[in-house]
Amino acid sequence: PVNFLQELPSYRSIARKRTNIPSRDKQSGTLLKPTDSYSSQLEEGIAENLNSQSIRKYALNISEKRRLRDIQETQMKYLSEWDQWKRYSSKSWKRFIEKAREMTTHLELWRDDIRSIGGKFGTGIQSYFSFLRFLVLLNLVIFLIIFMLVLLPILLTEYKITNSSFVLIPAKDIDIQCTVYPISSSGLIYFYSYIIDLLSGTGFLEETCLFYGHYTIDGVKFQNFTYDLPLAYLLSTIAYLALSLLWIVKRSVEGFKINLIRSEEHFQSYCNKIFAGWDFCITNQSMANLKHSSLRYELRADLEEERIRQKIAERTSEETIRIYSLRLFLNCIVLAVLAACFYAIYRATIFSQEHMKKEIDKMIFGENLLILYLPSIVITLANFITPVIFARIIHYEDYSPGFEIRLTILRCVFMRLATICVLVFTLGSKITSCDNYSCELCGYNQKLYPCWETQVGQEMYKLMIFDFIIILAVTLFVDFPRKLLVTYCSSWKLMQCWGQQEFAIPDNVLGIVYGQTICWIGAFFSPLLPAIATVKFIIIFYVKEMSLLHTCRPSPRQFRASNSNFFFLLVLLIGLCLAVIPLTISMAHIPSSKACGPFTNSNTTWEVVPKTVSTFPSTLQSLVHGITSEAFAVPFFMIICLVMFYFIALAGAHKRVVVQLREQLSLESRDKRYLIQKLTEAQRD
């Protein structure tokens, strides 16, 4: 038997690796462990951990688990009453947690709708709707943060719910010209003026709590304390940005781990889908059909990417040079398109800001609305045209379907988010520049922008509303008529070439990331914008679901949801980082308005923080100054680097262990094939 075991492939592989290590024992007994001893060691380990671990987690059959449970119950009899109570309470708590998790899965928003979409159209489109649900929850939480910190104290005081009053501190060392904030006079108002106000945020909406200028309050005085509203306003902005960052990073890490596991070996991915992809909890026939469809779409995506990889491996040197030269030329075209769009947005913003101060009665309704929405119209046109150009270009670059999706999204996200940055920085340049007189009096262009934060909030509000109108208009007046024409006029050659609408995942993802970036930037200037974004995304979910089910067809190019979930969040993280840049500049460098807002007594928004720290006790002030000093920052940075290097080394060690375990699994499979081959030969003899 020993000679027979020495013929196994695993033994030969280990023997070859140990030929250069003479000190190791090479006897067969040390290389191959009997199965009985292994199982006995496993049982001993399980018996030792029965008190702290659940039997359910061990890979044993039902009879073994029952026997171990009997052993566990026998051990319970010899424990004290206190230990027995702790054991029973721990089990009860675990059961409660499991039941609570089951209940939360049933309470999950749009759970059945998203699962149905995943079965009919694939996990890629399902991941888009899951991503949209995440943004709905994120904006709802952001609105609750702003409501609790800013709106609630004001509402309690305005409606006399609590015994509190507003605190108004008179401005000091500020010129009277800087505090002038002309409000539109209420006289004979045309009906269409209300429509313009509703669409642009001007007029009656400008004086509501929707915009920054409404919060011209220095504090709310309750019975026992004074609520510092400027500090709360600033902290709410920092809080929702930090929450968004942590939430996105948390979901990205989860998706990255799944993506990393699935991308290690493609054969393993196939085996997981074929042999371990079925959900045995499914008892409904319709849900079983949905699961079949979902698995079939994932296998199609895997096969398509495998075909592309094989095609890349078979390329010659001439073909490689040709394709890279073509890609370089096409990327130059992409850069030229982006530069043209940015310049058009810059000129449209300048033109709109120079002509928007005209009286309404001097221009007709359409002209006034066109002037107000000119930057939004140009941005929307650029967002419509560039994805079409990029989609045409990407077909000639010969990438895999998954990489085509990611590269198209990268180009479009740079286009969409950069357009917002161009708009904001153009507004910033107009706010901080004066044509015929000096800005030293107020620090900004007070003549054109007496409350510049409100006017920036109005621009973000217009972008949000116009984007929502365009999404509804395209769905109602383009997608549905196209479906009717393709269905009832299919004999026309034009309809055959046009075909049924395909659900373009990059365009739809970029649309909601674009809207979320507007929300992040505009929430500081328009505190109720997250609530508007929440309602907008809820309506978009149902509109897109109806459009998908009734007007769209599954994409012929499929891709995996594991890649898309992580990449969607990565694009969203890029949008968050770009949103932080203009917010930081506006809060730290541009002087705050002296005519409106909670920061009228501060030079900049961030100046509230040093003023608050100066009111702390001397000991706490020293602590805060020490934490924010370079003497603390440099050692802290070094410690963070050491911790990072430690985790990098730990990850490398774990990776080597995983490689060794995979080698052992491969050798075990070879041993099984060898033994089956020998057994077959013995039966033939």
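**View 1. Salt bridge between D112 and R111.** In this predicted model, D112 pairs with R111 through a salt bridge in which the closest N and O atoms are 3.6 Å apart. D112 is exposed, its relative accessible area being 55%. R111 has a relative accessibility of 23% and therefore counts as partly exposed.

**View 2. Salt bridge between E397 and R411.** The closest N and O atoms of E397 and R411 are 2.9 Å apart, and the two residues form a salt bridge. E397 belongs to the loop between α15 (374-395) and α16 (401-431), whereas R411 is part of helix α16, so the pair ties together parts that are 14 residues apart in sequence. E397 is buried, with a relative accessible area of 0%. R411 is also buried, with a relative accessible area of 9%.

**View 3. Salt bridge between K536 and D467.** The side chains of these residues, K536 and D467, meet at 2.7 Å, N to O, in a salt bridge. Because K536 lies in helix α20 (residues 529-551) and D467 in helix α17 (residues 452-488), the pair ties together parts that are 69 residues apart in sequence. K536 and D467 are both buried. The whole structure contains five salt bridges, among them the pair shown here.

**View 4. Helix α24, residues 630-684.** The buried residues of α24 are C641, L667, D671 and Y674.

Terms used: Residues numbered from 1 in each chain as written. Predicted model: local features only at pLDDT ≥ 70, side-chain atom pairs only at ≥ 80, totals over all residues. Heavy atoms only, no water. Helix = DSSP H or I, 4+ residues; strand = E, 2+ residues; numbered from the N terminus. Expected span 1.5 Å × (residues − 1). Buried < 20%, exposed > 50% of the residue type's maximum accessible area, 1.4 Å probe, protein only. Salt bridge = Lys/Arg side-chain N within 4 Å of Asp/Glu carboxyl O.
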